[in-house]
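Dear colleague,

Please find below the structure that I am handing over to you. My notes on what was found in it follow directly after.

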Amino acid sequence: MHLILLGAPGAGKGTQGALLTERYGIVRLSTGDLLRDAVREGTALGRDAKRYMDAGELVPDEVIVGLVRDVMARVDTGVVFDGFPRTRAQAEGLTSLLEDLGRPLDAVVVVEVGDEELVRRIAGRRICPECGATYNVHDQPTRVPGVCDVCGAEPRSRPDDAEETVRRRLSVYREQTAPLIDYYRASPTAVHVIDGARPVDEVAAELAGLLDPIRA
Ligand code: AP5
């Protein structure tokens, strides 16, 4: 199964993507995580990407499509794409990549959440710098305040979760990524729109209702 989770920053793509990997035994391909790994490792890609990420702008399409192509060459299970594609050029790149690999795109799921809730979630997000576990001070806190449940490190805010950068990321989503909903509506792949403003388990249950029949 190959599917795209499309949604604004903070919509819960990463959270739901992680649950889908457990439910279906598929891989989550998050271009944001790949870029953050490169930044942490201090590679040339990471140094270059950091400038765009810190400003809330998109990393150039050719870099992203190359990155995804490299990962897909090593993956032989299904994939949930999280945060990719984000532009029409990336969507076209994915279409041709999947065609080359002979793999169909089964679904596009749009996770909708209003701006006020997005801003609230992003302000509350904390990520463990060691193991990548994601928390939220409002709804999904660590068991012991300031201590990662998984590895004991101290979860932190993401650098690009600063208020001004978030505003820019939301505009970039509206301008460059939201138009992909119509792009996919005009394609043979089914597009599902779900209400992502509900609690995590309710959103996950709706996703399972949509995807279990595809998986079967
Ligand atoms: P990326 O890492 O992809 O970030 P994003 O798309 O902005 O999405 P987020 O990670 O902020 O949110 P999410 O939807 O995954 O929500 P999450 O589950 O964490 O990209 C970062 C940057 O990298 C970009 O700005 C760009 O510069 C670059 N980049 C990445 N991909 C690129 C591409 N393809 N092309 C070009 N550039 C690219 O949830 C958020 C918070 O809410 C968490 O705290 C979570 O615990 C909580 N939460 C989740 N679900 C719920 C719920 N249902 N109820 C309450 N709280 C919830």
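**The ligand site and a further pocket**

Helices α1 (13-24) and α2 (31-41) and strand β6 (134-136) each contribute at least two residues to the shell around the ligand. Of these contributions, the most comes from α2, which supplies four residues. Please bear in mind throughout that this is a predicted model.

The ligand has 35 residues around it, and those that come nearest are Thr15, Glu57, Arg86, Arg125 and Gln140. By class, the shell consists of 12 nonpolar, 12 polar and 11 charged residues.

Gln140 places a polar side-chain atom 2.4 Å from an oxygen atom of the ligand. Tyr135 has a backbone N or O atom 2.9 Å from a ligand oxygen atom, and a polar side-chain atom of Arg121 lies 3.4 Å from a ligand nitrogen atom. The ligand would expose 1,000 Å² if taken alone, and the protein buries 96% of that area.

I would also draw your attention to the second largest pocket, whose volume is about 160 Å³. Among the residues that line this pocket are Leu94, Leu98, Arg103, Tyr183, Tyr184 and Pro188. Two elements, α5 (88-101) and α8 (180-185), each give two or more residues to the lining. The largest share, four residues, comes from α5. The lining of this pocket comprises seven nonpolar, three polar and two charged residues.

With kind regards

Note on methods:
Residues are numbered from 1 along each chain as its sequence is written. This is a predicted model: local features need pLDDT of at least 70, side-chain atom pairs count only at pLDDT 80 or more; totals for chains, interfaces and linings use all residues. Side-chain values use heavy atoms; hydrogens and water are left out. A residue is near a molecule or strand if one of its heavy atoms lies within 4 Å of it. A polar contact is a pair of N or O atoms within 3.5 Å; within protein, one must be able to donate a hydrogen and the other to accept it, and residues adjacent in sequence count only if both atoms are side-chain atoms. Accessible areas come from the Shrake-Rupley method with a 1.4 Å probe; for residues, only the protein chains shown count as cover. Ala, Val, Leu, Ile, Met, Phe, Trp, Tyr, Cys and Pro count as nonpolar, Asp, Glu, Lys and Arg as charged, and the others, Gly among them, as polar. On a 1 Å grid over the protein atoms alone, a cavity is a set of points where a 1.4 Å probe fits but cannot get out, and a pocket is an open set with protein on both sides within 12 Å along at least five of seven lines; lining residues have an atom within 4 Å of a point. Grid points are joined across faces, edges and corners, and a volume is the space filled by probe spheres set on the points.
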